[in-house]
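Here is a short report for a reader new to this structure. Look at the sequence and the model, then read on.

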Amino acid sequence: MRRRSARTCFPRAHLRRSISSSATPPVISPLRGSPCFRKVHAGAKKCARRNETGPSPSRQFQVSRTQKPFFSGSEAFQVLQPEKPRQPRIIAIANQKGGVGKTTTAINLGAALAKAGHEVLLIDLDPQGNASTGLGLAPEARRLTTYDVLIEGAPIRNAIRDTAQERLRVVPATVDLSSADLELVGKERRSFLLRSAIRPSQLAELGVDYVLIDCPPSLSLLTVNAMVAAHSILVPLQSEFFALEGLSQLMLTVREVRQTANPDLRIEGVLLTMHDARNRLAQQVEADARETLGELVFTTVIPRNVRVSEAPSYALPVLDYDPGSKGAMAYASLADELRRNHTRLAA
Ligand SMILES: Nc1ncnc2c1ncn2[C@@H]1O[C@H](COP(=O)(O)OP(=O)(O)OP(=O)(O)O)[C@@H](O)[C@H]1O
Ligand SMILES: [Mg+2]
């Protein structure tokens, strides 16, 4: 078989179309100025021409792959004076594909942002409750959960639990949430329940800087609730053969949510996870993703690292379990990249 076959497994043109059509203004206005938007948008040439007169303001913030992260290794654990986002950022971590690193990213990105001095709230929106378990919340300690918040209308502040990690709090989930999809069907404004639970005023009251939502592996009503409530979506993508398959479906859902409920929803970025740089297929997947999605792909790549997979069994983020590991440093670098992107967007 020719080596190109790994590339052709993904209908790239289709994905480009789904992103670009979903990006048609005014629906995707938050992405309009960004280079990634210019790359994928069908009217890109016009847009680029408009910018020929001067440097793109976002260019100066671009990171080269060799550039050192703002903090790394042991520095990652000093509490820096954080540059607070102007308003709490709500980021849904979503991919309907299972086992791609959504929960691992929610826990470790949350921990890295908290270590950088931010107040982080992780909402576990997956009935598997893996994020809650990974942060050390035993099932019996989960008295009020996302189920109570969404279905019973419990105030979110009553469901929030502290974790062993300073500044990282969690709204836990249990298997109860698995019936939520069915129960939500009869509810009025069923896609808006999470959004109503985390209004900006409530988040301001809680002093939260970042909300991370760990979504289930489906495009169910729970995931739609996350998309309707969020400012952006972070999409973990496992560096494997079928990695890009299913992305078009996800992007179409994003587009639908933009058109019907949340016009400002943007793609925070696509994160390559469990990456083995020595593996030729992983290299191919990375090249494909960068070629297809351009700067939507985070510069930071999360390596496959056994310390990352061991950490949840000690109920710790990898940043506490093994701060010097490659996995811990990659998540610290991701937090840094994310914060810089937000600074850029706010400018
Ligand atoms: N960088 C990594 N290195 C090694 N193992 C990893 C890494 N990231 C995740 N894993 C492991 O891969 C498995 C799946 O990860 P995770 O549970 O985060 O995926 P998920 O997308 O949340 O899954 P689901 O769709 O079931 O919710 C877990 O066993 C996790 O420990
Ligand atoms: Mg998960």
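Three elements each supply at least two residues of the shell around ligand 1: α5 (102-115), β7 and α15 (306-310). Helices (H or I, at least four residues) and strands (E, at least two) are DSSP runs, numbered from the N terminus. The largest share, 3 residues, comes from α5. Of the 19 residues around ligand 1, K102, T103, T104, P217 and S309 come nearest; a residue counts as near if its C-beta atom, placed from the backbone, lies within 6 Å.

This is a predicted model: local features need pLDDT of at least 70, and side-chain atom pairs count only at pLDDT 80 or more, while totals for chains, interfaces and linings use all residues. Residues are numbered from 1 along each chain as its sequence is written, and chains are lettered from A and ligands numbered from 1 in the order in which they are written.

The strands come next. Strand β7 (residues 266-275) runs parallel to β8, and 3 bridges join them; pairing takes at least two DSSP bridges. H275 stands opposite P303 in β8. The chain crosses from β7 through helix α14 to β8 in a right-handed β-α-β crossover, clockwise from the first strand over the helix to the second with the strands pointing away from the viewer.

| Element | Residues |
|---|---|
| Strand β7 | 266-275 |
| Helix α14 | 280-293 |
| Strand β8 | 297-303 |

Strand β8 is mostly covered: 5 of its 7 residues are buried, with 20 or more other C-beta atoms within 10 Å of their own.

Note on methods:
Buried ≥ 20, exposed ≤ 12 C-beta atoms within 10 Å, placed from the backbone.
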